[in-house]
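Here are some friendly notes to read alongside the structure. Take the points in order and look up each residue as you go.

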Amino acid sequence: MLRTLTILGITFFAPLSASAQFVPSEDSLEGLYSGKAYSPFAERSFPSQVFWGDTHLHTGLSMDAGLFGNTTGLDTAYRFARGEQVMAASGQPVKLARPLDWLVLTEHSDGMGMITDLAKGAPNILASEQGARWAAGIAEGGEASAAAALDLITTFSQGNMDPKLIADYSPGSPIYKSVWEDIVEAAETYNDPGDFTAFIGYEWTSLVAGNNLHRNVVFRDGASRALMVEPMVTQGPMGSVDPMDLYRWLENYEEKTGGNVFALAHNGNLSNGIMFPTETRFTGDAVDEEYVMARAKWEPLYEITQIKGDGETHPVLSPDDPFADYETWDAGNLDISEAKTADMLKREYAREALKQGFALQSEFGVNPYKFGFSGATDSHTSLSTADSDNYFGKATNAEPSLTRMEHPFTETENGEFPGWSLVASGYTGVWAEENTRKSIWDAMVRREVYATTGPRMMVRFFGGWEFADSDGQSRTPAFVGYEKGVPMGGDLRAAPDGADAPNFMVYALRDPIGANLDRIQIVKGWMDADGTLQEKVYDVAWSDDRTPEADGTVPSVGNTVNEDTANYTNTIGSAELGAIWTDPDFDPSQNAFYYARVIEIPTPRWVLYDKLRLGAEIPEDAVTVGQERAYTSAIWYTPED
């Protein structure tokens with residue numbers, strides 16, 4: 001059963017034990033059923049299922065995957081995602097606890113086919129000084145292979161690849177065409193509408209002097225359209241590192257094929273301030289109407305969490321948010337060729353970008369950063385593993401081993417990303433009608449999705465003006481959520497007469513095989529009349545009868561983690577939490593967004609499982625415990641003209 005409490009103006013509901021059953025009043029039970037037929041599942045048109053997947057995974061076909069020892073390919077990735085046991089490239093058996101529902105394989109579009117030819121010493125490879133050197137290192141193995149891999153990646157990231165070598169593995173070449181056909185054919189083979197969705201996709205890997213501007217491209221279409229084109233690349237002569245050129249490629253694809261496609265960016269935290277420009281783009285061109293309109297059109301999602309750090313916010317940007325410093329990677333750009341400075345941060349993180357979108361909207365009439373949140377692994381092992389107790393690393397050389405956490409991901413004179421700091425993250429939950437390309441892709445475009453750092457918690461988030469306390473009593477909150485409001489990713493409807501402030505219904509159910517929930521928060525961002533950008537985090541539902549402080553914040557839930565056994569107990573927290581919350585600080589003249597953040601109780605990070613299972617030694621500065629979380633896409637309020 002559920003109880004309701006009103007504290008500091010917040011009405012929330014939470015589970016009660018059987019010994020303290022809540023008996024609702026007759027008034028609170030009025031109007032709870034809003035179905036169209038006696039059967040609540042008949043005549044229902046809204047999305048009723050959440051489908052779990054990964055928008056970002058590489059196999060050994062990607063250069064930087066094969067270079068670090070990944071010898072597995074497309075079949076391994078799909079079979080693993082569908083729940084089969086496979087053999088990792090490191091020789092270890094591996095299987096997911098639960099299958100995924102869908103997957104986007106996103107091989108790097110640059111250099112498709114090169115790693116295969118490097119490994120076998122193809123004639124055109126040996127004809128290039130660079131290629132011959134790298135092939136020799138790979139053939140020698142060990143440190144020589146690792147050195148060759150790092151040299152190749154650095155050469156690529158700095159734009160110094162042999163033009164002839166690049167041409168052999170670029171669109172228009174027979175080798176490139178053959179690899180793209182293999183990728184598309186594999187997606188068609190494993191796509192099984194209703195059971196498992198395999199999207200066609202790729203990664204456009206723009207690096208500007210080591211500053212990350214990567215985008216994943218996701219097709220709604222099948223082979224008949226996808227094979228009418230070859231992917232966009234970054235290397236010359238036909239490639240470009242400018243997102244504006246990628247947007248033109250997307251436009252041309254839709255015009256040429258009649259199909260549909262979108263792009264999503266990731267790891268702004270490694271862009272050194274160029275992922276979310278506010279005045280000037282990295283090209284030196286001003287942020288203008290053409291740019292904001294193109295970005296708004298082609299990028300409905302942003303990858304907020306993955307292996308290379310969490311991208312929601314940073315403690316410098318959100319000093320009043322005690323949960324802001326989560327899996328933070330802020331030493332520098334992708335290859336740490338340039339150290340991070342504080343002034344870069346506001347153009348790197350999702351929450352700040354959502355706020356900056358209001359400023360750009362006031363100038364150009366369009367908000368380029370009105371995106372939803374997705375989560376992904378960006379694993380280069382062919383294995384989509386986002387669970388801390390089943391984590392197979394970023395690359396094959398970081399699959400489970402006695403020493404993997406000791407080896408830095410990147411280390412230069414400017415800083416370090418330690419091996420232990422890699423993150424077992426994340427997945428995307430999609431609210432869709434059915435498990436098909438069409439249904440899931442459409443849900444992503446309308447932003448009815450949420451990101452998690454790995455746990456598969458179920459989260460609903462609706463915004464409206466007329467949610468009543470009794471709406472929180474329903475075991476089927478979606479009925480009233482869609483009837484009275486809009487779901488995550490939507491825009492609030494016009495306020496009805498007499499409405500003073502929007503209110504929100506949020507509900508979260510823990511991962512059935514995971515940790516209990518600590519709290520639900522609603523994060524609000526807005527722009528004042530003078531153009532000042534603001535944010536505030538509200539605790540709206542919490543477990544364990546904790547009493548909020550005077551400022552409304554809720555104390556820590558505690559910690560049950562036993563670091564010696566890599567275990568925790570669900571003796572704290574709640575299996576489910578929910579709230580009906582009204583914004584107490586609403587100003588109808590101000591643009592605002594709201595998204596929900598669901599926080600679990602503390603659980604072990606993957607480093608503790610390495611210690612338990614392998615006897616690995618954990619570095620003294622390593623973080624061993626964390627609070628995993630979910631981020632819903634936002635709901636936006638726009639003042640009426």
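1. Let us begin with a charged pair. The side chains of Lys120 and Asp117 form a salt bridge, with 3.5 Å from N to O. Please keep in mind throughout that this is a predicted model. Both residues belong to helix H3 (residues 114-120), where they sit three residues apart, about one turn of the helix. An α-helix has 3.6 residues a turn, so residues three or four places apart point the same way. Are the two partners buried or exposed? Lys120 is exposed at 60% relative accessible area, whereas Asp117 is buried at 9%.

2. Helix H5 holds a pair of this kind too: Glu129 and Arg133 lie four residues apart, again about one turn of the helix. Their side chains meet in a salt bridge of 2.9 Å, N to O. Glu129 counts as exposed, with 53% relative accessibility, and Arg133 as partly exposed, with 37%.

3. Staying with H5, have a look at its neighbour. The axes of helix H5 (residues 129-140) and helix H6 (residues 142-157) come within 6 Å and cross at roughly 145°, and the crossing is left-handed. On the H5 side, the contact is made by Gln130, Arg133, Trp134, Gly137, Ile138 and Glu140. H6 brings Gly142, Ala144, Ser145, Ala148, Asp151, Leu152 and Thr155. Sorted by class, this contact has five nonpolar, five polar and three charged residues.

4. How many salt bridges does a search of the whole structure find? The total is 43. One of them joins Asp195 and Arg82, at 3.6 Å from N to O. Asp195 lies in the loop between helix H8 (174-190) and strand E7 (197-199), and Arg82 in the loop between helix H2 (74-81) and strand E4 (86-87), so this pair ties together parts 113 residues apart in sequence. Both are partly exposed: Asp195 has a relative accessible area of 44%, and Arg82 has 29%.

5. Asp387 deserves a visit of its own. This residue is buried but has no salt bridge, and the nearest side chain of opposite charge, Arg98, is 4.8 Å away. Asp387 is in the loop between strand E15 (372-375) and strand E16 (410-412). Apart from neighbours within four places in sequence, Asp387 is in contact with Ala424 and Gly454.

6. Next, some backbone details. The peptide bond from Ser425 to Gly426 is cis, with omega near -5°, and Gly426 lies in the loop between strand E17 (415-417) and strand E18 (427-432). Ile336 is not a glycine, yet has a positive phi of about 50°. Ile336 sits in the loop between strand E14 (309-310) and helix H12 (350-364) and is buried, at 0% relative accessible area. Ala566 likewise has a positive phi, near 50°. Its place is the loop between strand E24 (533-542) and strand E25 (576-582), and Ala566 is buried at 6%.

7. Last, turn to helix H13 (residues 437-445). Which of its residues are buried? They are Arg437, Ser439, Ile440, Trp441, Ala443 and Met444. Just after H13, Arg447 takes a positive phi of about 70°.

Notes: Residues numbered from 1 in each chain as written. Predicted model: local features only at pLDDT ≥ 70, side-chain atom pairs only at ≥ 80, totals over all residues. Heavy atoms only, no water. Buried < 20%, exposed > 50% of the residue type's maximum accessible area, 1.4 Å probe, protein only. Helix = DSSP H or I, 4+ residues; strand = E, 2+ residues; numbered from the N terminus. Axes fitted to C-alpha atoms, helices over the stretch in contact; angles between N-to-C directions. Left-handed = near helix turned anticlockwise from the far one by under 90°. Contact = heavy atoms within 4.5 Å. Nonpolar A, V, L, I, M, F, W, Y, C, P; charged D, E, K, R; others polar. Salt bridge = Lys/Arg side-chain N within 4 Å of Asp/Glu carboxyl O. Lys, Arg positive; Asp, Glu negative; His and termini not counted.
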